[in-house]
Structures are given as structure tokens and as C-alpha cells.
Amino acid sequence: MIHIKQKWGSTLLVLLIIVYVAISFVQNYGSSNEITKIYFADRFTFAHKLLIEKYNKLNEGKVKVIPIDFPNFDFSTNERKEVLARSLRGTGDGIDLLAVDLIWVQRFAKWCEPLGQYFSEDEKKRILPCALESCYSNGKLVAVPLNLVQGVLYYREDIIKKLKNGEEIIKKIKNSVTWEDFIKLNKKLNLNNPFYLFPAADYEGLICCYMELILSMKPNYFKEYGFNLKSPAAKKSLQLLVDLVNKYKISPPEVTEFTEVTCYEYFIKNNGLFMFGWPTFDKDFKETPFDILKESNLKKAPPQYFEKGVPTSVFGGWDLMISKYSNKKKEVADFVKFLLSDESQEVFYKESSYYPVVNKFYESDYYTSMYPEISEIKKMLKIGVHRPADEEYTKYSKIMSYYFDLAIKNKISVDEALQKSTDAIQIEKKMFEEF
């Protein structure tokens, strides 16, 4: 049902963008005295809405930000990417500012404005280096981070506390547990509840899970091997995901149909114990909760890692890019700076659980006393890793997720999935280089 809604949502948004383009044309060329209107495309959380309302009031009569929304239930990240790309391939003047998944920056750079002239060195130094890292293409600043997230292990504290040695289990989980011990824990507990859920549908969420595994063993894997997945580390990583479903029975077969939203819904409704997710989940669904009481018992811990690896958490989040077709870039840059202010970043954290991307949040006594959990976030940031930056990454990722999903469904072997992925990526790479 959600998949059907997503398809309809994609179609409706394309139509909506066309309407915005028409309105924008009339407003921009019909009168020189009109208010400057900034069309901003993102998935709008409660924090977004608060900040847009505040900015519009501060700039009443001069500038107005108009949101183009991508609701969680209507769009997967892949669908959102394609709708934005289709919009920008033309004249692109229906969108002035867009939030892109940090792995899309390389792909969208050709449609967006370089930002070096809008942000001074001092303004860039305010931003977390690990967040700013994803914002460059060919040495040029083409985006700025809006927020940051990392992969976390969710657990139901209320259920685990009732188990024998429950407090001890929680203590171990909070300190980061190896996959080997995690698998043993499932066997020891032998519960009927779904033990571990992760999004394993054919999309980017599955690749995030895979990246945490392979980069746990070899943090520089893609610098050393590129996208050659015919290696022991690549095989061990995919084999684990396959075995979680088919060998250890830790994860139900349904995970192969799950994106983040459906995975979270299943986790809540079926009293799952553990789940891969992003730190925003406890706020993402507060306006449409599945079960308030159950969701109030969700806690976060660092992700699992291989015994011979190191704790690793994949970075996610959203960067802001200004369309090169926009004729109000200066005003858009002003709004972006408003979103990057200390006060705005605190709103994103407080209301939506996004990690702030400004250094001050992690250094100021005011913030560290106001939010004691900052010390845990700082520890998480130290184990954060980025997915490989490549203009064609989204195509390579799509190839990987397609074959990996088939392997988890037991339709092809792990070796076959890795071989086919590597071969298909090499073909894409060659075509790109020739083009």
C-alpha cells in the first residue's frame, strides 16, 4: 500500500512542480514589486516548519520561503532523487533551493551553483568537518550541510529489561557489541519477537547497512579496491546480511521488502527487539505515531561491528544546494545561512533529532549542559564513515542493492551477486568515462 502511495506521490509532485514553475514565471516577470519567493524542496519536519515560519516573519514583505514537501510516507529516498533530477534537467526554475542526500551531491553538482562566493572561510570553519566533507565536487564547494545523521542500533528497553540479565544486556549493547556476540545473544534468548530488523529492499538503505559492515573491516576499502567487490571483505559483509535472514533466522524474510519507514512500522507493531535506523526515528513519526507507548521505550546504541573490525557508523543526512537556474541566489544564500545559525541548528536537534552541523553545539558549555547526551553524540561522530564520493555513486549503489536484495532473498548466491555487481559497475564506469 505504501509503495502504491509512493508512486502516486511521485506523479503528484511532478505535477506540483509544473504548477510552481508556472506560478514562478508569472510572479518573477509579471511585476518588479512582488515579494521574492524562494521555492525550497525537502521533506519538511516540524523543525523545518517552525524555522520557515520564523524566517518568513522576519522578512515579511520582502522574502517568502515556499516549501515543496516530500512526505516520508509518499516518497522513498530513491524516488525523491529521481523527481528532483527530472525537475532540474530542464530549465529547473521551479526550485531555488533543494535538500539532497549527502551522497547525491556529486550527481547534482552540474545543476547547482558553486557556493564559494557566498560562504567565507570563517563561515565554513563554523561547520563540522565531517559534515562539510560531503559538500565538495572537483574541489569546489557546491553544497552546505543542513543536518547530519548516523546509523544507530535501536532497542526496546522495556522488553529487554524484563529479560533475565536484561540490565547486563543493555550495558553491553550501549558499549557497542560485535556481530558474533549479537548472534549468540539471539540464540541464547530464543524469543518469538523479531530479533533484528534492517531495511533490505532494493534501495540505498540496504547499501547503508552493507557499508557499515565492509568499512568496519576495511575503512579505506573503496580507495584501495574501488568498486571491485570480488574480495574476502566484500563477501563476508554480504554473507552476513544473507545469513541474518536465511541461516541464523535473526531477521524475518519480510525485511527484503522494507525501506526505513516500513521497517520501523513493522518493528513497532511486532515488538521487535533491535533495529538498524537513523537517530531521527523517534521524532520522524511524532505527528503520525504507530504506538506512542512503545515508541517512548526506544533507545539508541552504536551499531554492531565485526570482531576483527572496528566500531563503524555510516553517515547520512541532507545537504543544501542552490539551483544554478535560480535568479534569486543571493536571497537563497541568506536563507541558507539562517538555517545554519546556532539557533536554527538547535531547533533541528530539539524538534527533529538531527545532529547539528555547527561546531559550537559540541563545544559550548550552554549546549552541553542543556543536552547531556551531546557527549554520546561526540563519541558516535568519531566512528562515523562516509560512503564513497563518486559522481556515478547512485548508479553503482542501485546496481549493488538490486543484486544484494536478490541474494538475501536466496534467488542468487553471494558470489554471483558480487560478481554481477562488479561487472555491471565496470560497464557503467566505462560508459561514463567514454561519455
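Which strands and helices each supply at least two residues of the lining of the second largest cavity? They are strand S7 (152–156), helix H10 (204–217), helix H12 (232–246) and S9, where helices (H or I, at least four residues) and strands (E, at least two) are DSSP runs, numbered from the N terminus.

Two notes before we go on. Residues are numbered from 1 along each chain as its sequence is written, and side-chain values use heavy atoms, with hydrogens and water left out. This is a predicted model: local features need pLDDT of at least 70 and side-chain atom pairs count only at pLDDT 80 or more, while totals for chains, interfaces and linings use all residues.

**Stop 1: the cavity.** Select Trp-179, Tyr-196, Cys-209, Glu-212 and Gln-304, which lie nearest the centre among its 14 lining residues. On a 1 Å grid over the protein atoms alone, a cavity is a set of points where a 1.4 Å probe fits but cannot get out, and lining residues have an atom within 4 Å of a point. The volume is about 100 Å³, meaning the space filled by probe spheres set on the points, with grid points joined across faces, edges and corners. H10 gives the largest share of the lining, three residues.

**Stop 2: Tyr-196.** Now centre on Tyr-196 and show its contacts (heavy atoms within 4.5 Å). Beyond neighbours within four places in sequence, its partners include Leu-153, Trp-179, Phe-274 and Gln-304. Tyr-196 is also listed with Phe-198 and Phe-274 as having the most contacts inside the largest nonpolar core, which has 150 residues. Such a core is a set of buried Ala, Val, Leu, Ile, Met, Phe, Trp, Tyr and Cys residues joined through side-chain atoms within 4.5 Å; buried means under 20% relative accessible area (1.4 Å probe, protein chains only).

**Stop 3: the sheet.** Switch to cartoon view and find the open sheet of four strands, in the order S8-S9-S7-S10 with mixed pairing. Its edge strands are S8 (196–197) and S10 (298–301). Strands pair if DSSP finds at least two bridges between them; two bridges join S8 to S9 (274–277), and these run parallel. Tyr-196 stands opposite Phe-274 here.

**Stop 4: the largest pocket.** Finish at a pocket of about 910 Å³, an open set with protein on both sides within 12 Å along at least five of seven lines. Select Lys-299, Lys-300, Ala-301, Glu-373 and Glu-376, the closest to its centre of 28 lining residues. S7 and S10 are among the elements that give two or more residues to this lining.

Technical notes:
Buried < 20%, exposed > 50% of the residue type's maximum accessible area, 1.4 Å probe, protein only.
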